[in-house]
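Visitor: I'd like a quick tour, and I'll keep asking how you know things. Can we start with the picture?

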Amino acid sequence: MTDRELLNMARDAAKNAYVPYSHFPVGAALECADGSVFTGCNVENAALGATICAERAAIVKAVSEGRRRFVRIAVYGEGETYCLPCGECRQVLSEFCANGSMEVLCTRSGGRYVSYRLSQLLPHPFVME
Ligand code: THU
């Protein structure tokens, strides 16, 4: 699957975003080591801290369907700047990618995207020994 195909899946997932507070839809498409893809969108809550980001929605769907090895995630947002995963999502992604090799693709308005390794975004995750 190409980067662009995965990004398009993230874009489609953003259509289901529940964003009455921020009005900022985000979609994610998580590619597993077996080639399957799980998508997610942000789901907001009146108690704002209970909001679930698109990335965590996708990872929880994948793990609850028995996947634990991930190779790439595409994050779609249409802001002025690239839609990078928040700190909490970086930590959650790192739980299932201890060496940080997961590719993280992030869009901005106009369809441009950047690519990082998770290890660049969170070089020192918390690890429970
Ligand atoms: N959000 C995501 O879903 N993923 C990100 O990578 C950044 C932020 C959501 C959370 C909230 O619903 C909205 O974007 C604004 O912060």
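Visitor: What do the buried residues of helix 2 pack against?

Guide: They pack against strand 1 (27-32), strand 2 (37-41), strand 3 (70-76) and helix 3 (87-95). Contact here means heavy atoms within 4.5 Å, and the elements are DSSP runs numbered from the N terminus: helices are H or I with at least four residues, strands E with at least two. Bear in mind that this is a predicted model, where local features need pLDDT of at least 70, side-chain atom pairs count only at pLDDT 80 or more, and totals for chains, interfaces and linings use all residues. Residues are numbered from 1 along each chain as its sequence is written, and side-chain values use heavy atoms, with hydrogens and water left out.

Visitor: Which residues of helix 2 are the buried ones?

Guide: In helix 2 (residues 54-64) they are Ala54, Glu55, Arg56, Ala57, Ala58, Ile59 and Ala62. Just after that helix, glycine 66 has a positive phi of about 95°.

Visitor: Why is valine 104 called buried?

Guide: Because its relative accessibility is 0%, and buried means under 20% relative accessible area, exposed over 50%, partly exposed in between (1.4 Å probe, protein chains only). Valine 104 sits in strand 4 (residues 103-107). Leaving out residues up to four places away in sequence, valine 104 touches Ile73, Pro85, Val114, Ser115, Tyr116, Leu118 and Leu121.

Visitor: And what makes cysteine 53 partly exposed?

Guide: Its relative accessible area is 21%, so cysteine 53 falls in the partly exposed class. Cysteine 83, at 10%, is therefore buried.

Visitor: How do you know that cysteine 53 is in no disulfide?

Guide: A disulfide is a pair of cysteine sulfur atoms within 2.5 Å, and the count by that rule is 0. For cysteine 53, the nearest cysteine sulfur belongs to cysteine 89 and is 3.9 Å away, so there is no disulfide. For cysteine 83, the nearest is that of cysteine 106, 7.0 Å away, and again no disulfide.
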